[in-house]
Every structure is written in C-alpha cells, then in structure tokens.
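Reader: I have a new structure to read. Where do I begin?
Author: Open it and let us go through it step by step.

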Amino acid sequence: MTRLLPLALAPLLLAAAPPPGQGFDVERYQVTLRPDVATAAVSARERIILRATTSGVATLDFSPNALAIADATIAGRPITVTRTAQATRFTLPRPLRRSERVTLSFALSGTPARGLTATAGHLYAGYFACDWMVCRQDSPGDKAWFDLDLDLPAGVQSLGTGRRVAMRGTGGGLVRHRWRATRPYSPYLFAFAAGALPQRGRDTRHGRIMIADATGTARDVTAELAETQAMVAFLAERAGVALPDRRYAQLLVPGREAQETASFSLIGVDELARDRDDPAGAWVMAHELAHQWWGNLVTCATWRDFWLNEGITTFMVAAWQQQRFGEAAYRRSLDIARARVDQARVAGFDRPLAWDGRYPSLRLRRAIQYSKGALFVAELRDTMGDAAFWAGLRRYTRANAGGTVTSLDFQHAMQRSTPHDLTPLFRERVYGNENDAAAITPGRPRPPRPSPLPPLP
C-alpha cells in the first residue's frame, strides 16, 4: 500500500477484528467481467472455489460492496445472500465439513463505490478489488489464484494480473482478454486496466519490463525504462529472487496515484514529475517496484504485520538511492523517515511495529509502519553488518516467496544470519512487551513454508 497521500485506503484505522469469512480458505477466484470503460459500471459472473478449514461452516462472509448480486448457487443449489455494512453473506443449504471443497457462483452488476477509476478512454483498478468483485479485502493471508476474463470492445487494450493467455471474439463486437495469475495473490492486489494503452518495453535478463500510458498523451519513457531496468537488477540481487513472473509493467495514470498490484503498478504522472525534478529523492518507481517482492510475493499474514510490507519496501527505496546516488541520498531518506516518526512522538503516538490496535490517522499509521519500519530495518543493517544483513534479507525472501509471513518469520531469518542476539532489538522495536518476548526466542519451531525458489539466473 503505497499512496503517501490523504486518501481513503484500507486498512487505515482498523482495530484488531476477525476478518470476514472465518472458517474457510479461498483457493481460486474466477471472474468474467464486462466493464464500461466510460462509466466504470460492471456486469460480471463470478465463481469462488473454497475449502472449509473447520466443520460446521454455515455461512460464507465476504467484504461488502455496492454491487447487486443475483442467481447465487452452491453446487447448483440456490442460496440466500444478505448484505450488511460489514459483510456480504452467503447462507449455505447445509453446514460444510472440515476440508470440504465447494464452488460458489453468482452474477454481479452495478457501479463500484471504489476501486475503479474511469478517465477519458481509460479504466483502471487499484487496491479495492472487492468493490468490483466479491472477495475478502482484509484477509491478506488468504492468498488465492485469480482468473479474469475481460470482455472489451474490439480494439481496446488491457493489462491484468499475471499473464494474458488468450484473446478471442465473443460476438457483438466484444473481445475476451483472458488473464491468469501465475501464483496465488492477496485479493487487494487483483487489478486490471483497459483502454488505449500504448506500450513501450524491453527484454532484459531479469524479464520483460514495460511502461503503458493511460494518460492519453504521448511521452518519451526511454529514461524511465532504463531506470526501471537498473532498479530490477538491484532489487533482484538484494532479494535473492528473480523478478516475479519475469514480467513487470508500470501504468502511467493521471494525478498522484502510487499503488502496487500483482504484475504491474499504477504510477501517477504528477508523482513521476516529482521524481524527475529530484532524482536523488525519487521514491514512486522504486517503492512500487520493490513491492513486487516485499508485499506481493512475500505478504504479511494479517495487517498487524503490515510493516513487513511497507517498512522493508521503504527501506529498500533508501538502499536503492544509496546505490544510485550515494551515501548522502541514503542518509537523507532515513532522515525523512526519522522526522515523520518524531512528529508522531510529538503527537503522543508511538507504538511497536507489530501493534494490533487502532491508529488515529493515516499519517500516524504511516509514521509507524512505513517510516519506523524502515528505520528498524536500517538499524538491523547497522547491527548485523552489511554481509550478514543482506544474507538475512535474501534468506527471508527466498524462504517465504509465494507465502505469508509474520514478524517472527523475519526475526528467524535475520537471527540465523548473525551471531548477534537480535531478541532485545525485536522486543523493543517490533513487539514492545515482555509477554511477546517470551514467544520470539530464535529456537521456536516455524510452520512449513513454500519450497525455496531456484537461484537467480
């Protein structure tokens, strides 16, 4: 989550509350979507394949949205749908048994309240996927496969999550663009774009890098392509993991947008202009790109550990600036983070990174999870030394690629890379109390994780 603007994003001020849909894991979302590029209205058919994680599940709760739902069935049997401010609820004809797998199917229509932006000749999605489809917005740990069929007028171009695997006419002047995720992702990362999207790209040893333009103006993006290529090389080496999907696009859009999605990012041209005016202070391209590893590939299991997404990414921007522009740029970036944390302290609000309570404002949430998180990662670097620190970050990224993480996973990876006892530092900065400290001893067994990825090419 990377808009550094006063925008209404979630999770912003969430207290510790169970997410919608306890008792089941979603395995796959399948959506056939017909969006109106001019108005952002949608009509869709959706299937959700899920598995019960406990016996007795009688209802399936998803995040609320403003769309109309019709013709809902499960295993071909009609089911009831009810709507509240907290959830979209599907009531099952009978409770599910533990490990039982079922398919939920229904139609959708309407204009989303959030999540889709229509400009002249362009439509793009960012963050609020569960407003234009049914999913679980606040369950980042419930990663799922995502299949999206976009039915668009002939001649309209598209971007989507993963790879486009087919295009075919469906009649009535429409063409179906079939996009398939290459791995499970958290629903807040599902996205697409449609319209006149002229693209420039280049093939590199790390994969294909592209810039698509949804602003309706012709621009020379040669410099941005070169800079992105250098960023990818730096971040892949530091992560120890190749560019996810070996493919990445930056979608230029109007305004100050700055938002990662799976496979591409939204880059507001006003933010891009700021980067051009002050290259050593540039953040938007590097920050969104870094999320392809930290946030998208390796994702916090709950919003409690959201600092793992944003703190590591904010630090990696500083590390890139150090590589590209020198030590002064690195120190300047950390000083900016330090000033934001100081402002939070002056306001009487300072919390440990893994705090699970309510944040009084978006600014204070960012001061902790972005800025304080980045400063903590920089402190680890100083404590461990460069060689051990980067080895730990590579271990953390490779061991958890494709999965979800908690602060304990990060601690384990870093502790295994250094003889220094990091427990006091994690206790103070991350957990913030003695009770948590008893649960973070480096020898604590870890749950199984995805198999490590092969080495970089």
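Predicted model: local features only at pLDDT ≥ 70, side-chain atom pairs only at ≥ 80, totals over all residues.

Reader: Which residues make the contact of α8 with α9?

Author: From α8 come S407, L408, F410, Q411 and Q415. From α9 come T423, F426, V430 and Y431. By class, five are nonpolar and four are polar, and no charged residues take part.

Reader: Give me a second pair.

Author: Take helix α6, residues 362-384, and helix α7, residues 386-400. Their axes come within 6 Å and cross at roughly 130 degrees. The α6 and α7 helices are therefore oblique to each other. Their crossing is right-handed.

Reader: Which residues of α6 and α7 meet?

Author: V377, L380, R381 and M384 belong to α6. Their partners in α7 are D386, A388, F389 and W390. This contact has six nonpolar and two charged residues, with no polar ones.

Reader: Now a single residue. Where does V134 lie?

Author: V134 sits in the loop between β10 (122-125) and β11 (145-153).

Reader: Is V134 buried or exposed?

Author: Compare the relative accessible area with the cut-off: buried means under 20%. V134 has 0%, so V134 is buried.

Reader: What is V134 in contact with, beyond its neighbours within four places in sequence?

Author: The list is Y29, E46, I48, F62, N65, I69, F90, F106 and L108. Distance along the chain is another thing to check. V134 and P187 are 53 residues apart in sequence, yet 9.7 Å apart in space, C-alpha to C-alpha.

Reader: And the chain as a whole?

Author: Count the elements: the protein chain has 10 helices and 22 strands. Then look at burial: of its 457 residues, 56% count as buried. Next come contacts between residues at least 6 apart in sequence, and 70% of these join residues at least 24 apart.

Key:
Residues numbered from 1 in each chain as written. Heavy atoms only, no water. Helix = DSSP H or I, 4+ residues; strand = E, 2+ residues; numbered from the N terminus. Buried < 20%, exposed > 50% of the residue type's maximum accessible area, 1.4 Å probe, protein only. Contact = heavy atoms within 4.5 Å. Nonpolar A, V, L, I, M, F, W, Y, C, P; charged D, E, K, R; others polar. Axes fitted to C-alpha atoms, helices over the stretch in contact; angles between N-to-C directions. Parallel < 35°, antiparallel > 145°, perpendicular 65-115°, else oblique. Left-handed = near helix turned anticlockwise from the far one by under 90°.
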